[in-house]
Structures are given as structure tokens and as C-alpha cells.
Amino acid sequence: MKFLCDVPISLRLVKWLNIQGFEATHVNNILDGYFTKDEMISAYADIHGLILISKDADFKNQHLLKKSPKQLVKINSGNTSHKTLLELLKKHIGLIHRLSVMPHFLLEIDQEKTTFLLLD
């Protein structure tokens with residue numbers, strides 16, 4: 001699996017994903033870095049076949065309205081520690097792997113619940 005992590009996602013999470021054998025990059029390392037607009041981030045993820053990991057609700061809205069980004073993991077945990085975010089991702093990495101074969105998916109995760117949506 002290949003991931004693109006949005007600005008609020010820690011660089012340590014990117015490093016962890018890479019150590020686990022996945023390909024991961026951070027928005028700060030592509031295009032205009034921190035200043036890259038959401039639409040450009042979504043397009044970049046779609047063009048390069050990347051699963052976008054974000055805390056930004058705007059990406060959820062784009063996914064539902066425009067089907068972009070095509071594959072989105074939306075973290076609904078607010079300002080959490082790196083440790084908590086890492087635990088959430090570890091807990092759901094198997095589900096993300098199963099969903100990654102789908103052309104479009106939205107996976108929302110937080111401490112209490114997990115929901116996903118598959119679009120045609």
C-alpha cells in the first residue's frame with residue numbers, strides 16, 4: 001500500500017509506515033508542501049494511487065461530492081498524541097489493506113468507532 005499523509009499527520013507516522021514496508025510520504029514533501037491546496041493534494045493522491053490519511057473534514061466532503069480523493073482514511077480524533085494516532089492506525093491497518101483494493105473508499109476512525117463507505 002502507498003500512503004500520502006496530510007499536514008496534521010506527524011512525520012513519525014510516515015516513518016512508521018515506511019518501516020512497516022509500506023510506501024508513505026508527507027504532504028510537506030510534495031508540490032507546495034504545507035501550502036498545497038486540498039484539491040491539489042487529492043489530485044496528487046489519485047494520480048499516484050495513494051491512500052490519503054487526514055484529519056481534515058474537507059477531504060471527506062470532497063470524497064463524497066467529487067469522489068476525490070478516491071481512497072481516504074479520515075482520523076476523527078482531534079488533537080491526539082502521536083502514540084494514540086499510531087495505535088489507531090495499527091488497529092485498523094488490516095482493514096485499510098482489505099479496503100485498498102476498492103477503487104473508492106472512505107474509512108473514518110476514532111477511539112470509539114470505525115465506519116467505512118464504498119462508492120461506486
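Which residues touch the most other members of the largest nonpolar core? I put this to a predicted model. Of the 24 residues in that core, the answer is Phe-3, Leu-17, Ile-53, Val-73, Ile-75, Ile-96 and Leu-107.

**Entry 1: the cores**

I looked up where the core residues come from. Strands S1 (2–5), S3 (51–54), S4 (71–75) and S5 (105–109) each give two or more residues, as do helices H1 (11–19) and H4 (82–99). H4 supplies the largest share, eight residues. I then found a second, separate core of ten residues, with Ile-30, Ile-41, Leu-52 and Leu-106 among them. For context, I note that nonpolar side chains tend to be buried together in soluble globular proteins.

**Entry 2: overall layout**

I counted four helices and six strands in the protein. Read from the N terminus, the order of elements is β-α-β-α-β-α-β-α-β-β. The radius of gyration is 13 Å, close to the 14 Å that the globule rule gives for 120 residues, so the protein is as compact as a globular protein of that length. Along the principal axes, the C-alpha atoms fill a box of roughly 30 × 30 × 25 Å.

I also took two totals. Buried residues account for 48% of the 120 residues. Of the contacts between residues at least 6 apart in sequence, 46% join residues at least 24 apart.

**Entry 3: helix H4**

I checked the length of H4 against its residue count. Its 18 residues should span 26 Å at 1.5 Å a residue, and the end C-alpha atoms are 24 Å apart, which agrees. H4 has a kink of about 50 degrees, centred on His-92.

Which residues of H4 are buried? I list His-82, Thr-84, Leu-85, Leu-86, Leu-88, Leu-89, His-92, Ile-93, Leu-95, Ile-96 and Leu-99.

**Entry 4: His-82**

I went back to His-82, which is found in helix H4. Is His-82 buried or exposed? Its relative accessible area is 19%, and the cut-off for buried is under 20%, so His-82 counts as buried. Leaving out residues up to four places away in sequence, I found that His-82 touches Ser-10, Arg-12 and Leu-13. Ser-10 is 72 residues from His-82 along the chain, yet their C-alpha atoms are separated by 6.9 Å.

**Entry 5: the salt bridge**

How many salt bridges are there? The count comes to one salt bridge. The partners are Lys-60 and Glu-108, with the closest N and O atoms 3.1 Å apart. Lys-60 lies in helix H3 (residues 57–66) and Glu-108 in strand S5, so the pair ties together parts that are 48 residues apart in sequence.

I looked up the accessibility of each partner. Lys-60 has 25% relative accessibility and counts as partly exposed. Glu-108 has 14% and counts as buried.

Technical notes. Residues are numbered from 1 along each chain as its sequence is written. This is a predicted model: local features need pLDDT of at least 70, side-chain atom pairs count only at pLDDT 80 or more; totals for chains, interfaces and linings use all residues. Side-chain values use heavy atoms; hydrogens and water are left out. A nonpolar core is a set of buried Ala, Val, Leu, Ile, Met, Phe, Trp, Tyr and Cys residues joined through side-chain atoms within 4.5 Å. Buried means under 20% relative accessible area, exposed over 50%, partly exposed in between (1.4 Å probe, protein chains only). A salt bridge is a side-chain nitrogen of Lys or Arg within 4 Å of a carboxyl oxygen of Asp or Glu. The expected span of a helix is 1.5 Å times one less than its number of residues. The bend at a residue is the angle between axes fitted to the seven residues ending there and the seven starting there. The radius of gyration is taken over C-alpha atoms; the globule rule is 2.2 Å times the number of residues to the power 0.38. Contact means heavy atoms within 4.5 Å.
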